[in-house]
Amino acid sequence: MKYDSKDVIIVISGLIFGPLTSLAVTVMVSMAEMFTISGTGVFGCLMNIISSCSFACTAAFVYQKKHKVSGAILGLLSGWSCQVAVMMLWNYLIAPIYMGYPREAIVELLLPAFLPFNLIKGGLNTALTLLVYKPVMTVLHRLNFIESRENSRKARSEADEGI
């Protein structure tokens, strides 16, 4: 278990473009890691996909429904909670296979090791996302990589008037 901040980038992509983007970025990054820096193979890749998607896709889905600061905060908190719960289950199911430990040993590690790790990981990802999201969006708007909401609404309004 080690912390990797990739979920911050993945969730920001989902907050901008939606939960399916979070899914696509998660799969691409996890596959790239599997073939390059990861020593955990297919099981590690699967665990990365499950972990990142449970956080980022949940956060992006909630934010998509409530596109406000409060929706982003609620989404990130929901994603954090979902990730912790999902990873407790998947660590119970998959960790014995790829770690080579008996399930009883994993059960003994769930509360003292896996739970705190996932709480800290999700908390860091949530905090970092809240810290960098606004500056990232400002830069992306200034560079015209994404359209601001005001410009998007104005363009839709002009298109509707032209019909």
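Mentor: Begin with a single residue. At 67% relative accessibility, Asn144 counts as exposed, because the cut-off for that class is over 50%. Keep in mind that this is a predicted model.

Trainee: Where is Asn144 placed?

Mentor: Asn144 sits in the loop between helix 5 and helix 6 (149-162). Its phi is near 60°, a positive value in a residue other than glycine. Another positive phi, near 110°, belongs to Gly18, the residue that follows helix 1.

Trainee: How many helices and strands does the protein chain have?

Mentor: There are 6 helices and 0 strands. In sequence order the pattern reads α-α-α-α-α-α. The C-alpha trace spans about 65 × 30 × 30 Å along its principal axes. Of the 163 residues, 36% count as buried. Among contacts with a separation of 6 or more, 65% are between residues 24 or more positions apart.

Trainee: Is helix 1 mostly covered or mostly open?

Mentor: Mostly covered, as 9 of its 12 residues are buried. They include Lys6, Val8, Val11, Ile12 and Leu15. The buried residues of helix 1 pack against helix 2, helix 3, helix 4 and helix 5.

Trainee: How do I read a nonpolar core?

Mentor: Start with the general idea. In soluble globular proteins, nonpolar side chains tend to be buried together. Here the largest nonpolar core has 14 residues, and those with the most contacts inside it are Val11, Ile12, Leu15, Tyr63, Leu76 and Tyr133. Helix 1, helix 3 (41-65), helix 4 (69-99) and helix 5 each give two or more residues to this core. The largest share, 5 residues, comes from helix 1.

Trainee: Which residues is Leu76 in contact with, leaving aside its neighbours within four places in sequence?

Mentor: Leu76 is in contact with Val11, Phe55, Ala59, Thr126, Thr129 and Leu130.

Trainee: And what should I look for among charged residues?

Mentor: Side chains of opposite charge can pair when their charged atoms come close. This structure holds 2 salt bridges. In one of them, Asp4 pairs with Lys6, with the closest N and O atoms 3.5 Å apart. In the other, Glu33 pairs with Lys6, and the closest N and O atoms are 3.7 Å apart. Through shared partners, the salt bridges join Asp4, Lys6 and Glu33 into one network.

Trainee: Which residues form a nonpolar patch on the surface?

Mentor: Tyr3, Ile120, Leu124, Leu128 and Leu131 form such a patch, with about 450 Å² of accessible area together. Ile120 is in helix 5 (residues 103-142). At 55% relative accessibility, Ile120 counts as exposed. As for the chain, its accessible surface comes to about 9,500 Å², of which 68% belongs to carbon and sulfur atoms.

Trainee: Is Asn118 buried or exposed?

Mentor: Asn118, found in helix 5, has 3% relative accessibility and counts as buried. Not counting residues up to four places away in sequence, Asn118 touches Trp80, Val84, Met87 and Asn91.

Key: Residues numbered from 1 in each chain as written. Predicted model: local features only at pLDDT ≥ 70, side-chain atom pairs only at ≥ 80, totals over all residues. Heavy atoms only, no water. Salt bridge = Lys/Arg side-chain N within 4 Å of Asp/Glu carboxyl O. Patch = residues over 30% accessible without salt bridge, like charges linked within 9 Å, V, L, I, M, F, W, Y side chains within 5 Å. Areas by Shrake-Rupley, 256 points an atom, 1.4 Å probe, with all protein chains shown as cover. Helix = DSSP H or I, 4+ residues; strand = E, 2+ residues; numbered from the N terminus. Buried < 20%, exposed > 50% of the residue type's maximum accessible area, 1.4 Å probe, protein only. Core = buried A, V, L, I, M, F, W, Y, C linked by side-chain atoms within 4.5 Å. Contact = heavy atoms within 4.5 Å.
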